[in-house]
Amino acid sequence: ADLFIIQSMADKQKYVLKLYRRGLKPKSDVIEILRACSREHVIEIVNWGESEGLWFEILEYGKHGTLRDMFRKGPVKDAQMLSIVRDLLSSIEHIHSRKIVHRDLKPENILVRTLKPLDLMLADFGIASLSDATQHFTTKSRTITYGAPEAAAGAVGNASDYWSLG
């Protein structure tokens, strides 16, 4: 998909338009569950649908960039890192309670909603899966650097997300 920063004409608020390439469609079951999730540490999907054969999502805008951007600014103090891990753990537990496995957790897919207090949100659920099982098999699409060893063979589950957090 291609991403664009857009602005509402009504209230001038910024959003991200995720425009899928022709022939690609987001996973409607995952999107509907995400839309019902708590906004605490999970990106808001404001709207989604199809227009003239192209699928789209309108997403909350993380104006402070990604966790990777934050790390590039210099060392993170222990207390702040503990806060980051707690927030992300809470996020992962929340999506797992809704049967969603993210499958591509990495600093680039964690957006910074606010800096003070630090508020992070999981984003980019493009390859997320629904799973009732402890582990299921799927495609090998993911960022291998953060992927659990079993994910290289296509086996993913909740434990895969925890590995990526680590």
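## Briefing: a chain of helices and strands

Glutamate 52 sits in the loop that links β3 (45-51) to β4. The model is predicted. Its chain holds 4 helices and 10 strands. Of the 166 residues in the chain, 42% are buried.

**Overall layout**

- Read from the N terminus, the elements follow the order β-β-α-β-β-α-α-β-β-β-β-β-β-α.
- Among contacts with a separation of 6 or more, 57% join residues 24 or more positions apart.

- Is glutamate 52 buried or exposed? Glutamate 52 counts as exposed, because its relative accessibility is 75% and the cut-off for exposed is over 50%.
- Arginine 22 is 30 residues away from glutamate 52 along the chain. The C-alpha atoms of these two residues are 9.9 Å apart.

**The four-stranded sheet**

- Strands of a sheet pair through backbone hydrogen bonds, in either a parallel or an antiparallel sense.
- Here, 4 strands form an open sheet in the order β1-β2-β4-β3, and the pairing is antiparallel.
- Which strands lie at the edges? They are β1 and β3, each of which pairs on one side only.
- On average, neighbouring strands of this sheet are turned by 25 degrees against each other, with direction ignored.
- Helix α1 (residues 28-36) packs on the sheet and touches β3 and β4. The direction of α1 makes about 155 degrees with that of β3.

**Strand pairs within the sheet**

- Strand β1 (residues 2-7) and strand β2 (residues 14-19) run antiparallel and are joined by 6 bridges. Leucine 3 has lysine 18 of β2 as its bridge partner.
- β1 and β2 form a hairpin, with 6 residues between the strands. In the turn, lysine 12 has a positive phi of about 65 degrees.
- β2 also pairs with strand β4 (residues 54-60), in the antiparallel sense and over 5 bridges. Leucine 17 stands opposite isoleucine 58 of β4.
- How many bridges pair β3 with β4? There are 6, and the sense is antiparallel. Glutamate 50 faces tryptophan 55 in β4 as its opposite residue.
- In a regular strand, side chains alternate between the two faces of the sheet.

**Packing of α3 and α4**

- Two packed helices are described by the angle between their axes and the distance between those axes.
- For helix α3 (residues 78-97) and helix α4 (residues 158-165), the angle is about 165 degrees and the axes are 11 Å apart. The angle therefore makes α3 roughly antiparallel to α4, since angles over 145 degrees count as roughly antiparallel.
- The crossing of α3 and α4 is right-handed.
- From α3, the contact is made by Val85, Leu88, Leu89, Ile92, Glu93, Ile95 and His96. From α4, Asn158, Asp161, Tyr162 and Leu165 take part.
- By class, this contact of α3 with α4 has 7 nonpolar, 2 polar and 2 charged residues.

**Methionine 81 in α3**

- Helix α3 also contains methionine 81.
- Which residues does methionine 81 contact, leaving aside its neighbours within four places in sequence? They are Phe71 and Val76.

**Aspartate 119 in β7**

- Aspartate 119 is placed in strand β7 (residues 119-122).
- Why does aspartate 119 count as buried? Aspartate 119 is buried because its relative accessible area is 18%, and buried means under 20%.
- Leaving aside its neighbours within four places in sequence, aspartate 119 is in contact with His41, Leu111, Val112, Arg113 and Thr114.

Definitions and conventions. Residues are numbered from 1 along each chain as its sequence is written. This is a predicted model: local features need pLDDT of at least 70, side-chain atom pairs count only at pLDDT 80 or more; totals for chains, interfaces and linings use all residues. Side-chain values use heavy atoms; hydrogens and water are left out. Axes are lines fitted to C-alpha atoms, for helices over the stretch in contact, and angles run from 0 to 180 degrees between N-to-C directions. Helices (H or I, at least four residues) and strands (E, at least two) are DSSP runs, numbered from the N terminus. Angles under 35 degrees count as roughly parallel, over 145 as roughly antiparallel, 65 to 115 as roughly perpendicular and the rest as oblique. A crossing is left-handed if the near helix is turned anticlockwise from the far one by less than a right angle, and right-handed if clockwise. Contact means heavy atoms within 4.5 Å. Ala, Val, Leu, Ile, Met, Phe, Trp, Tyr, Cys and Pro count as nonpolar, Asp, Glu, Lys and Arg as charged, and the others, Gly among them, as polar. Buried means under 20% relative accessible area, exposed over 50%, partly exposed in between (1.4 Å probe, protein chains only). Two strands pair if DSSP finds at least two bridges between them.
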